Amino acid sequence: MRLRVEFTTEPFDLDEAPAHAVVAREVIQSADLDAVDVGPFGNTAEGGADAVLTAVDALLRESLAAGATRVSLQVNVLEGGEK
């Protein structure tokens with residue numbers, strides 16, 4: 001099964017990326033995922049279910065430890081995504 005995760009971390013800072021956002025970006029970019037897209041207002045990544053769920057666990061733990069006060073995320077199953 002393939003999954004897509006979309007997420008944001010808060011609080012926002014429009015002048016400089018806060019530590020929790022940098023950590024979240026590093027977690028996702030270093031995970032065994034494909035189709036990673038990070039941006040200032042939202043981030044997405046796709047991959048196999050195990051890889052996405054492992055990355056989400058690390059994302060939550062590490063971004064909260066780095067000062068995030070809220071993490072919003074959505075996980076979708078991709079149709080035809082057997083991999």
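Author: The dialogue below treats the sheet, a helix, the core and a single residue. This is a predicted model, in which local features need pLDDT of at least 70, side-chain atom pairs count only at pLDDT 80 or more, and totals for chains, interfaces and linings use all residues. Residues are numbered from 1 along each chain as its sequence is written, and side-chain values use heavy atoms, with hydrogens and water left out.

Reader: What is the order of the strands in the open sheet?

Author: In general, strands of a sheet pair through backbone hydrogen bonds, either parallel or antiparallel. Helices (H or I, at least four residues) and strands (E, at least two) are taken as DSSP runs and numbered from the N terminus. Two strands pair if DSSP finds at least two bridges between them. Here four strands form an open sheet in the order E2-E3-E1-E4, with antiparallel pairing. The edge strands, each pairing on one side only, are E2 and strand E4 (70-77). On average, neighbouring strands are turned by 20 degrees against each other, direction ignored. Such angles run from 0 to 180 degrees between N-to-C directions, with axes as lines fitted to C-alpha atoms, for helices over the stretch in contact.

Reader: How many bridges join E1 to E4, and how many join E1 to E3?

Author: Eight bridges join E1 to E4, and Leu-3 has Val-77 in E4 as its bridge partner. Six bridges join E1 to E3, where Val-5 is partnered by Ala-45 of E3. E2 and E3 are joined by three bridges and form a hairpin with four residues between them. In this pair, Asp-37 stands opposite Thr-44, while Val-38 has Asn-43 as its bridge partner.

Reader: Which residues of H1 are buried?

Author: Buried means under 20% relative accessible area, exposed over 50%, and partly exposed in between (1.4 Å probe, protein chains only). In H1 the buried residues are His-20, Val-23, Ala-24, Val-27 and Ile-28. They fall within an arc of 130 degrees seen down the axis of H1, so they line one face of the helix; the arc is that of the directions from the helix axis to the C-beta atoms. These buried residues pack against E1, strand E2 (34-38), strand E3 (43-48) and H2, where contact means heavy atoms within 4.5 Å.

Reader: Which residues touch the most other members of the largest nonpolar core?

Author: In soluble globular proteins, nonpolar side chains tend to be buried together. A nonpolar core is a set of buried Ala, Val, Leu, Ile, Met, Phe, Trp, Tyr and Cys residues joined through side-chain atoms within 4.5 Å. The largest one has 14 residues, of which Val-5, Phe-7, Ile-28, Leu-33, Ala-45, Val-52 and Leu-59 touch the most other members. Strand E1 (2-10), helix H1 (19-30) and helix H2 (49-65) each supply at least two residues, and H2 gives the most, with five.

Reader: Is Thr-8 buried or exposed?

Author: Thr-8, in strand E1, counts as buried because its relative accessibility is 17%. Leaving aside neighbours within four places in sequence, Thr-8 is in contact with Phe-41, Gly-42, Asn-43, Arg-70, Val-71 and Ser-72.
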